[in-house]
Amino acid sequence: MAHVSIDLPDGERFRGSDRGQLLVVAGLVMAVSLVALVVLLNATIYSENVATRGIEAADGEATEVRAATVEGVGETIDAVNRAHEGEDPPTDAALADIDELEERLGRSYARRGATVQLDADASRTSGGDRVDTAGKDTSLANATNATSYTVAGNIDGTRGFVLDLEVDSLASSTAGDAADEAFHVVVDPAGNERREVYVYRDDGSDDVVVAAGDGGEDPAVVCTVDPVGADRVSVDVTGERLDGEPCVGLWPSDRLAPGNEHTLEVGNGDAADGVIRATVRPTNTELVTDVDDADTAGAVYDATVDLTYRTAELWFETTLRVAPGEPDA
């Protein structure tokens with residue numbers, strides 16, 4: 001590099017000119033270093049972004065196949081239960097249909113170069129009972145005209161507890177009078193405060209009201225729906241939904257986790273026409289129910305399935321317990 005200095009006429013240099021050259025060289029070194037640092041930093045950020053996108057894609061793929069498995073196994077279990085009319089749970093039929101589900105999922109994901117494996121067996125399948133009042137008179141008073149009775153007792157698990165009610169049959173009431181006038185169901189945990197869920201038409205409007213109370217106290221309105229000419233309304237008690245929309249506050253999850261003994265009851269059964277459905281798990285081999293002429297049959301309550309999903313880039317394994325319609329603990 002050429003000297004960056006000025007010589008005097010007599011051959012001597014300005015004092016400090018050598019130091020000026022060192023400053024210029026040092027500045028150039030720092031500039032090159034900063035440029036290299038910026039390039040390195042950009043490359044690192046780019047690499048991390050690419051890697052993160054790959055992880056997010058893999059996570060999304062795993063979440064998708066997991067959700068498809070839970071939905072498919074749940075629908076399979078409920079379909080087998082609906083078709084079954086015997087006393088014993090249809091475990092073998094459910095396992096056979098889960099094998100068929102594995103084949104269907106395998107064909108669906110084969111387009112991605114993926115394989116799907118579902119493993120389930122009878123030792124990890126719980127039996128229960130299905131209660132469906134569709135076979136009885138439309139009035140939800142039972143055959144002896146009792147307006148209060150037990151739908152299911154001696155149970156420690158409930159899922160898919162749904163009320164399918166005729167709108168025009170619902171009593172007209174207010175929250176203050178609901179305990180005396182409105183149709184309601186009761187979830188009664190052993191050794192804990194019970195929850196009442198009321199369904200009625202609002203006095204003075206056409207809205208269907210769902211209200212909830214504890215221990216016989218005046219209920220509070222939880223949600224309402226305008227049926228807009230609909231003939232029926234659906235209240236999913238375990239799923240906490242009204243006609244498919246969220247209706248939080250129906251199931252007493254704070255005092256009734258799965259595995260706790262409880263009873264499902266009806267009050268003011270003559271204040272509504274419709275159907276009650278539930279799949280329950282008795283604490284022993286005998287279900288207690290006072291629903292006359294109801295369709296009761298052995299059912300698969302839940303199934304535990306090992307899921308394995310493989311592609312060239314991803315190997316995903318998990319164990320899933322599927323109990324469709326069971327409330328969150």
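Me: A nonpolar core is a set of buried (under 20% relative accessible area, 1.4 Å probe, protein chains only) Ala, Val, Leu, Ile, Met, Phe, Trp, Tyr and Cys residues joined through side-chain atoms within 4.5 Å. How many residues are in the largest one here?

Reply: 39 residues. This is a predicted model, where local features need pLDDT of at least 70, side-chain atom pairs count only at pLDDT 80 or more, and totals for chains, interfaces and linings use all residues. Numbering runs from 1 along each chain as its sequence is written, and side-chain values use heavy atoms, without hydrogens or water.

Me: Which residues have the most contacts inside that core?

Reply: Phe161, Leu163, Leu165, Phe183, Val210, Val237 and Leu264.

Me: And which strand gives the most to it?

Reply: Strand 3, with seven residues. Strands (E, at least two residues) and helices (H or I, at least four) are DSSP runs, numbered from the N terminus. Others that supply at least two core residues each include strand 5 (183-189), strand 7 (208-214) and strand 12 (262-267).

Me: Switching to helix 2. Which residues there are buried?

Reply: Thr91, Ala94, Leu95, Ile98, Leu101, Glu102, Leu105, Gly106 and Tyr109.

Me: How far apart are the end C-alpha atoms of helix 2?

Reply: 27 Å. The expected span is 1.5 Å times one less than the number of residues.

Note on methods. Buried means under 20% relative accessible area, exposed over 50%, partly exposed in between (1.4 Å probe, protein chains only).
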